[in-house]
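User: I'm new to this one and would like to learn how to read it. Could you walk me through it step by step?

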Amino acid sequence: MRPFAYERAQDAAGAVAAAGDGARYLGGGTNLVDLMKLGVEAPSRLVDVARLPHAAIEETPGGGLRIGAAATMTEVANDPLVRERHPLLAEALLAGASRQLRNLATVGGNLLQRTRCSYFQDVTKPCNKRAAGTGCPAREGEHHNLAILGHSDACVATHPSDMAVALAAIEATVHVHGRDGERTVPVPGLHRLPGDDPSRDTVLESGDLITAIELPAPGPWSQRTVYRKVRERASFSFALVSVAAALDVEDGVVRDVRIALGGVAHVPWRAQRAEGALRGAPATEESFAAAADAELEGAEPLRDNAYKVPLARNVIVRTLLELC
Amino acid sequence: MDAEITLRVNGAEHRLAVDTRTTLLDLLRERLGLTGAKKGCDHGQCGSCTVLLDGRRANACLALAVAHDGADLVTVEGLADGDELHPLQAAFIERDAFQCGYCTPGQLCAGVALLEEAEAEGVELTADEIRERMSGNICRCGAYPNIVAAIADVAS
């Protein structure tokens with residue numbers, strides 16, 4: 001590992017000021033330290049933001065919640081307010097990683113974790129995300145767990161976070177402190193598709209620090225939710241496909257629905273086509289299947305991950321049926 | 001680049017100058033001679049480095065020592081009370097919950113934390129619940145059934 005300077009930030013403004021070229025913010029370190037060991041990341045300075053006074057979980061005036069970015073995954077998953085108002089988020093958090101990792105990992109860092117594409121993590125291999133212009137061996141190589149939606153010639157990686165999938169369904173807002181002050185970024189909208197510049201996972205700029213995640217006030221939809229994750233073993237594995245779903249049905253008709261998919265794209269994939277097909281439709285297996293098909297019509301599976309298309313379809317249908 | 005840190009490990013205070021690149025795992029094993037916590041994958045995937053960090057289980061391989069200045073650590077060496085084994089250590093022997101033993105220190109620390117978490121969270125520790133909560137600890141010998149049984153023994 002390349003030598004680096006270490007600095008503990010006292011507040012957000014101090015952290016942003018300290019984060020010059022070659023610096024990285026350190027949260028729990030569960031992804032960054034791993035990438036430093038692999039040689040994928042080689043920062044000259046770490047600015048530790050894990051102990052900033054940004055770990056509180058508080059009610060907002062409108063009945064929503066503001067979660068400090070330095071709160072750990074465990075703290076958020078076990079928080080009574082989160083469990084009461086947005087159980088989908090708690091469920092998604094507990095589906096990710098292991099307890100040991102969740103105790104260290106911050107929710108801010110969770111949003112910014114990098115893909116687990118094996119080529120990205122192996123510095124002896126080409127990878128457009130890690131080294132622009134070197135190529136994407138995953139397209140023709142090992143890609144059984146990579147993207148089926150929204151990928152590009154340059155990159156077929158997936159975003160690994162479960163939490164981000166729940167946040168995309170919940171429509172959270174991320175608070176950012178940057179070099180030009182504070183602003184907010186919506187989720188979905190934080191993460192970006194790879195296009196011809198897969199080096200950028202998100203719309204954030206250099207020096208931007210996530211300080212909080214804000215959740216809206218709960219609605220009828222937010223109490224009927226499921227996070228369903230399919231993986232290669234029962235626990236402690238990244239999603240092949242995951243579905244965060246919320247459903248509000250009245251008199252057998254879908255009044256509101258939210259569906260976000262994980263494990264299928266470079267972003268937590270909000271299934272807007274499926275949602276559009278379902279609003280006002282009868283809450284039946286046939287409607288759910290038609291909506292899932294509408295969403296997956298745009299899928300472009302690779303040689304070895306076409307199984308994800310029927311898998312996603314079936315998980316969407318089963319998850320919505322569970323919520324009826 | 002070096003930094004001065006203070007750590008409390010199994011009740012003893014240590015003041016150390018550490019390279020900023022040092023993980024808690026390397027510090028425990030190489031500087032303090034506490035080789036109970038094991039280096040398995042060194043990437044947070046196997047759990048054999050699990051220790052209690054400020055009372056919560058954590059992968060010591062991914063925790064930079066400099067970022068945990070002032071922390072209170074308990075390793076497998078600190079679980080017993082003198083010659084008296086921790087109840088979970090005794091249960092592991094009773095249930096033959098290991099074969100080669102390499103993952104056992106991590107399993108024990110994770111299991112001890114799990115028992116405390118379940119009590120704090122009011123969770124009933126069914127076999128499924130134990131398996132899910134122990135999923136961060138891999139055992140390549142496949143001693144899982146007996147590990148689950150040992151934890152269940154102490155839980156009940």
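Analyst: A residue counts as buried if 20 or more other C-beta atoms lie within 10 Å of its own. Keep in mind that this is a predicted model. In chain A, 53% of the 324 residues count as buried. For chain B, buried residues make up 42% of its 156 residues.

User: What helices and strands does chain A have?

Analyst: Chain A has 11 helices and 12 strands. Its radius of gyration is 19 Å, close to the 20 Å from the globule rule for 324 residues, so chain A is as compact as a globular protein of that length. Along the principal axes, its C-alpha trace spans about 60 × 50 × 35 Å.

User: And how many helices and strands are in chain B?

Analyst: Chain B has 5 helices and 5 strands. Following the sequence, you'd read them off as β-β-α-β-β-β-α-α-α-α. With a radius of gyration of 15 Å, close to the 15 Å that the globule rule gives for 156 residues, chain B is as compact as a globular protein of that length. Its C-alpha atoms fill a box of roughly 45 × 30 × 30 Å along the principal axes.

User: How do I read a sheet?

Analyst: Strands of a sheet pair through backbone hydrogen bonds, either parallel or antiparallel. Here's a case from chain A: an open sheet of 3 strands in the order E1-E3-E2, with parallel pairing. E1 and strand E2 (23-26) of chain A are at the edges with a single partner strand each, so one side of each has no neighbour in the sheet. On average, neighbouring strands of this sheet are turned by 25° against each other, direction ignored.

User: How many bridges join E1(A) to strand E3 of chain A?

Analyst: There are 4 bridges between E1(A) and E3 (residues 45-48) of chain A, and the two run parallel. To see one bridge pair, look at A:Ala5, whose partner in E3(A) is A:Arg45.

User: Which parts of chain A touch chain B?

Analyst: Start with the contacts: 22 residues of chain A are in contact with 24 residues of chain B. Strand E1 (5-8), helix H2 (32-38) and helix H6 (99-104) of chain A each supply at least two residues of the side that touches chain B. The largest share of that side, 5 residues, comes from H6(A). By class, the side of chain A that touches chain B has 11 nonpolar, 7 polar and 4 charged residues.

Notes
Residues numbered from 1 in each chain as written. Chains lettered and ligands numbered in written order. Predicted model: local features only at pLDDT ≥ 70, side-chain atom pairs only at ≥ 80, totals over all residues. Contact = placed C-beta atoms within 7 Å. Nonpolar A, V, L, I, M, F, W, Y, C, P; charged D, E, K, R; others polar. Rg over C-alpha atoms; globule rule 2.2 N^0.38 Å. Buried ≥ 20, exposed ≤ 12 C-beta atoms within 10 Å, placed from the backbone. Pairing = 2+ DSSP bridges. Axes fitted to C-alpha atoms, helices over the stretch in contact; angles between N-to-C directions.
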